[in-house]
Amino acid sequence: MAPQTSIPISANVLGTIGTIFWCIQLLPQIWYNWRQKKTDGLPGLMMFLWAICAVPLGVYVIVQNFNLPIQIQPQIFCVLALTSWAQILIYN
């Protein structure tokens with residue numbers, strides 16, 4: 001697949017909305033873990049795999065020149081998944 005040369009405004013708008021929703025999905029879990037100081041029922045392997053999968057996805061979207069919100073989404077999600085994984089390691 002060839003890199004994108006022009007990105008429509010609608011792609012930027014929808015990409016921004018999608019990035020916001022995708023990235024904030026882990027915030028309630030991180031907050032809950034921090035408040036309760038426990039991570040019962042949260043699989044550590046899943047958080048670790050989510051963080052690892054963000055690396056090749058981040059490279060792919062940058063190389064393909066997707067719109068900016070989609071380019072930064074994997075990096076933000078990786079940080080949040082690593083934060084949740086660290087909580088699992090600390091609290092369990």
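I started at Q73, which touches T19, W22, C23 and L57 once residues up to four places away in sequence are left out; contact here means heavy atoms within 4.5 Å. The model is predicted, so to speak for it I note that local features need pLDDT of at least 70 and side-chain atom pairs count only at pLDDT 80 or more, while totals for chains, interfaces and linings use all residues. Residues are numbered from 1 along each chain as its sequence is written, and side-chain values use heavy atoms, with hydrogens and water left out.

**Entry 1: Q73**

I placed Q73 in helix α4; helices are DSSP runs of H or I with at least four residues, strands are E runs of at least two, and both are numbered from the N terminus. Is Q73 buried or exposed? It is buried, with a relative accessible area of 9%; buried means under 20%, exposed over 50% and partly exposed in between, with a 1.4 Å probe and protein chains only. I also looked up V61, which is 12 residues from Q73 in sequence and 9.6 Å away, C-alpha to C-alpha.

**Entry 2: α3 against α4**

Next I checked how α3 packs on α4. The two axes come within 8 Å and cross at roughly 160°; axes are lines fitted to C-alpha atoms, for helices over the stretch in contact, and angles run from 0 to 180 degrees between N-to-C directions. That makes the pair roughly antiparallel (over 145 degrees; under 35 is roughly parallel, 65 to 115 roughly perpendicular, the rest oblique). The crossing of α3 past α4 is left-handed, that is, the near helix is turned anticlockwise from the far one by less than a right angle, clockwise being right-handed. On the α3 side I found, among others, M47, F48, W50, L57 and V61, which meet a set in α4 including Q73, F77, L82, W85 and I88. By class, this contact has 16 nonpolar, six polar and no charged residues; Ala, Val, Leu, Ile, Met, Phe, Trp, Tyr, Cys and Pro count as nonpolar, Asp, Glu, Lys and Arg as charged, and the others, Gly among them, as polar.

**Entry 3: I88**

I88 also lies in α4, and at 8% relative accessibility I log it as buried. Its C-alpha is 6.1 Å from that of G44, 44 residues away along the chain. Beyond its neighbours within four places in sequence, I88 is in contact with T39, L42, P43, G44 and M47.

Helix α2 (residues 27–36) packs on α4 at about 25°, with the axes 10 Å apart. That makes α2 roughly parallel to α4. Here too I read a left-handed crossing. L27, Q29, I30, N33 and W34 of α2 meet L80, T83, S84, Q87 and Y91 of α4, giving five nonpolar, five polar and no charged residues. Q87 is buried at 8%, and its side chain reaches the backbone oxygen of I30 at 3.1 Å.

**Entry 4: N67**

Where is N67 found? I located it in the loop between α3 (44–63) and α4 (68–91). N67 is buried, at 6%. A polar atom of its side chain lies 2.6 Å from the backbone oxygen of A11. A polar contact of 3.5 Å joins the side chains of N67 and N12; such a contact is a pair of N or O atoms within 3.5 Å, where within protein one must be able to donate a hydrogen and the other to accept it, and residues adjacent in sequence count only if both atoms are side-chain atoms.
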